[in-house]
Amino acid sequence: MNYVTKGLYPEKVFRNFENISQIPRSSGKEKQVSDYIVNFAKDLGLDTYQDEYNNIVIRKPATNGNPDGPTVMLQSHIDMVTESGDFSNHDFDKDPIELIIDGNHLHANDTTLGADNGIGVAYMMAILESQDIKHPNLECVFTSDEEVGLIGVNRLDFSNLKSSLVINLDSEEDYNILVGCAGAVDSILSIRKEYKPAIPTNVALEITIRGLFGGHSGMDIDKNRGNANQIMGRLLNSISVDFDMFNIDGGSKRNAIPRTSETVISVSDKDIEQAAKDIQKMSAKIQKELYATEPNLKISLRRSASMDFKVFTDACKDKIIKTLMLMPAGVIAMEAELDEQVETSTNFALVKETDTHIEFKNLTRSSSQSKKEYVKSKIEALADLLGAEIEFSAGYPAWEYNSNSQLESKAVDIYKDVFKKAPNVLVMHCGLECGILLSKLPQKAEAISIGPTMYDVHTPKEHVEIDSVGKIWDYLLTLLERI
């Protein structure tokens, strides 16, 4: 194999990352990459365990001369968010990720890169295969289905794990050490489809939203980026003439801010000019509001094929528009004691049709259990008002900050030694597996999270700083040597 990343430092890390980038690893489809890592470890003669959910635990004895010292867990997830550009034909079920080097940045060809969390996986593989790195007893834990609600780690058997220190490698800024994160819960509000006959003489009009930046629903939720589902609600709500509605689709991933939305409406010939004016007027307002953060937003209208069979009833259409308008979205509350940090948010992520329902999917995050419950109650109240169904799932606890953590203290001191400056120590508004790990380990443990600097995660513009990968590699090895 001719490696695109040949010559980059650290070479073993980039080689391992490029190897796993050849293997499809979207959430729920990690069997192939899980087997690859298992065979990699077995070829090294390491104690390896793989469960039915594609989680993996690989143990490597201490190389620091202290076999009776503490056991350290290194942890990353093997799945990735699969987002592609509007005109990409990439098939995430079979196509490898095409890596591209651009100066000090590594990105993919119009798809997500998978550096989240593939770089963490590659760090761990490089350490496992090393012959000269000093480290304590290691338990390397590779988890599945992280990006769809931390499912894999919740299913992992912790009974035989010995780690008292956890280093999660799923962070995205090399100047931060994370010491806590928000908990989360998914919700699905479902409206039953109801139809009426279409008016054959009406004109069909397709409304399409494209060009939004999107982003990570935790890390980027405070950046005032447009939400395609909210925008579609405003467009439909602005139409002042009677219209029918045929379908609706918005967003692609629960943990990605939705970049696209589309629907088809039908309007009488005499009203189509006014409907178009209404939509264009609202489009101009929204584009002005969002121009600073969304300069590429495109809202397009075009005539579509006539709908000569059925459309949503007026009552069903009104429920859809009210849900789009009223669903909580974006930042709900900021931390009271931490400057410029989000406490509670909701990503109004998906609008999808099933055979019988229109589903509105949300991911709510909060470092406050009571605030998370408050947002859940708001969504429940909306469902009740609309006569809709509501379901909550994939909830997980916050990783609460431990002000007495010796691991944090040591990690900060070593960071200062290595880089001659102090890191930012933060509780972040993102979903990390540390809270679950600490709650399920059979012994008391402490955790931190670190990682190289990445940008535009969960979007087709995702990229990682090459120098930063080496920076965190050097720091991680020093940290392991001194524990």
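Okay, let's start with a charge and a ring: the charged end of Lys-376 sits over the ring of Phe-392, 4.8 Å from its centre. There's another arrangement of that kind, with Lys-310 over the face of Tyr-195, at 4.1 Å from the ring centre. Before I go on, please keep in mind that this is a predicted model.

Staying with rings for a minute. How many aromatic pairs does the structure hold? The count is six. A pair of aromatic rings gets described by two things, the distance of the centres and the angle of the planes. Take Phe-348 and Phe-360: their ring centres are 6.4 Å apart and the planes make 35°, so we call that pair tilted. The pair links distant parts of the chain, with Phe-348 in strand E17, residues 342-353, and Phe-360 in strand E18, residues 357-366, twelve residues apart. Buried or exposed, then, for Phe-348? Buried, because its relative accessibility is 0%.

Now, empty space. You roll a probe the size of a water molecule over the atoms, and that shows where empty space is left. Searching the whole structure turns up four cavities of 30 Å³ or more. The largest cavity holds about 160 Å³ of space. Its lining is made of 20 residues, and nearest the centre are Glu-146, Glu-147, His-216, Arg-365 and Gly-431. If you sort that lining by class, you get seven nonpolar, six polar and seven charged residues. So where does the largest cavity lie? Between the two domains, because domain 1 (11-181 + 399-482) and domain 2 (184-396) both give residues to its lining.

The second largest cavity has a volume of about 40 Å³. Among the residues lining this second cavity are Ser-21, Arg-25, Met-80, His-90, Phe-92 and Asp-95. By class, the lining of the second largest cavity has six nonpolar, four polar and two charged residues.

The largest pocket comes in at about 470 Å³. There are 25 residues in the pocket lining, and the ones nearest its centre are Glu-173, Met-219, Asp-222, Lys-223 and Met-428. Two elements give two or more residues to that lining, namely strand E20 (424-428) and strand E22 (454-455). Which element gives the most to the lining of the largest pocket? That's E20, with four residues.

Next, a bit of backbone. As a rule, most residues other than glycine have a negative phi, and most peptide bonds are trans. Here are some exceptions. The peptide bond from Tyr-9 to Pro-10 is cis, with omega near 0°, and Pro-10 falls in the segment before helix H1 (11-21). The bond from Asp-116 to Asn-117 is cis as well, with omega near 10°, and you'll find Asn-117 in helix H3, residues 115-129.

On the phi side, Leu-150 has a positive value, near 55°, and Leu-150 isn't a glycine. Leu-150 sits in the loop between strand E6 (137-143) and helix H4 (151-155), and it counts as buried because its relative accessible area is 3%. Lys-420 isn't a glycine either, and its phi is positive at about 60°. Lys-420 lies in the loop between H9 and E20.

Last up, a couple of distances. Ser-405, in the loop between strand E19 (389-396) and helix H9 (406-419), counts as buried at 8% relative accessibility. Ser-405 and Ala-445 are 40 residues apart in sequence, and their C-alpha atoms are 9.4 Å apart in space. Then there's Lys-319 in helix H7, residues 314-326, which is partly exposed at a relative accessible area of 26%. From Lys-319 to His-105 you have 214 residues along the chain, and 45 Å between the C-alpha atoms.

That's my tour, thanks.

Technical notes:
Residues are numbered from 1 along each chain as its sequence is written. This is a predicted model: local features need pLDDT of at least 70, side-chain atom pairs count only at pLDDT 80 or more; totals for chains, interfaces and linings use all residues. Side-chain values use heavy atoms; hydrogens and water are left out. On a 1 Å grid over the protein atoms alone, a cavity is a set of points where a 1.4 Å probe fits but cannot get out, and a pocket is an open set with protein on both sides within 12 Å along at least five of seven lines; lining residues have an atom within 4 Å of a point. Grid points are joined across faces, edges and corners, and a volume is the space filled by probe spheres set on the points. Ala, Val, Leu, Ile, Met, Phe, Trp, Tyr, Cys and Pro count as nonpolar, Asp, Glu, Lys and Arg as charged, and the others, Gly among them, as polar. Domain bounds come from an automatic or database domain assignment. Rings of Phe, Tyr and Trp (its six-membered ring) pair if their centres lie within 6.5 Å; planes under 30 degrees apart count as stacked, over 60 as edge-to-face and the rest as tilted. Buried means under 20% relative accessible area, exposed over 50%, partly exposed in between (1.4 Å probe, protein chains only). A charge sits over a ring if NZ of Lys or CZ of Arg is within 6 Å of the ring centre and within 35 degrees of the ring normal.
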